[in-house]
Amino acid sequence: MHFGTLAFGSLIIAIVKLIRLLLEYIQKKVEKKTGKIARCLFCCCRCCLFCLEKFLKFLNRNAYIVTAIYGTGFITSARRAFHIITSNPLRLLVIDKVCDFLIFLGKICITVGIGILSFFFFTGRFSFAKDHVPELHYYFIPLALIIIGTYIIATCFFSVYSMAVDTLFICALEDLRLQDKNSSHELVMPKGLRKVFKKEIKK
């Protein structure tokens, strides 16, 4: 990965975020001195900048993947990533949302599981751990901290899987694009991934 690409992509997002924060600051300062139309315009601008920031974060993520594949600069990678996204919107929507839902379920299951185990631990339900349970008058605060910490840690770990899913998706789409351009190109994606894209294996 090119460090310049990472820095440039982060700089663009930082600039958009800075503009949005400045706009919010200005709006708070002049809110009482402006009319309904001005407040509506401020709100629309903030909404547009917020959507732009989210889109740039999404585009940057895919641009970094394209950079890792081809070794191109940020602009070229972002343009290619945007073309891949716009060429396969339905596939992107289905696979991305399904994977996000599964990852969310994984984070919830881990957090709930650790929360239940912590509750049993603090209430002395585990006979083998009774000697190690600290004396607490209220165990809700440490239990809440454990649950929040577990969710944050699970989110960090699952973000790696999310990035891996996006990388596989981009690589698969590039594989399909190469086959569309050249019929003699053999797909290199595994059989399981071909079933997802409903591509027959050429013998």
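Figure 1. Ser162 counts as buried because its relative accessibility is 15%, where buried means under 20% relative accessible area, exposed over 50% and partly exposed in between (1.4 Å probe, protein chains only). Leaving aside residues up to four places away in sequence, Ser162 touches Arg61, Asp100 and Ile103, a contact being heavy atoms within 4.5 Å. Residues are numbered from 1 along each chain as its sequence is written, and side-chain values use heavy atoms, without hydrogens and water. Because the model is predicted, local features need pLDDT of at least 70 and side-chain atom pairs count only at pLDDT 80 or more, whereas totals for chains, interfaces and linings use all residues.

**Figure 2. Pro142 in helix H5.** Pro142 has a relative accessibility of 23% and therefore counts as partly exposed. Its C-alpha atom is separated by 9.8 Å from that of Phe119, a residue 23 positions away along the chain.

**Figure 3. The aromatic pair of Phe8 and Phe74.** There are 4 aromatic pairs by the rule used: rings of Phe, Tyr and Trp (its six-membered ring) pair if their centres lie within 6.5 Å, and planes under 30 degrees apart count as stacked, over 60 as edge-to-face and the rest as tilted. Phe8 and Phe74 form an edge-to-face pair, with 5.2 Å centre to centre and 75° between the planes. Since Phe8 belongs to helix H1 (residues 3–30) and Phe74 to helix H3 (residues 74–87), the pair ties together parts that are 66 residues apart in sequence. Phe8 is partly exposed, at 37% relative accessible area, while Phe74 is buried, at 9%.

**Figure 4. The aromatic pair of Phe158 and Tyr161.** The ring centres of Phe158 and Tyr161 are 5.9 Å apart and their planes lie at 45°, so this pair is tilted. Both residues lie in helix H5, 3 residues apart, about one turn of the helix. Phe158 is buried, with 18% relative accessibility, whereas Tyr161 is exposed, with a relative accessible area of 54%.

**Figure 5. The chain as the setting of these views.** The secondary structure comprises 6 helices and 0 strands. Along the principal axes, the C-alpha trace spans about 70 × 65 × 30 Å. Of the 203 residues, 29% are buried. Among contacts with a separation of 6 or more, 58% join residues 24 or more positions apart.

Terms used:
Helices (H or I, at least four residues) and strands (E, at least two) are DSSP runs, numbered from the N terminus.
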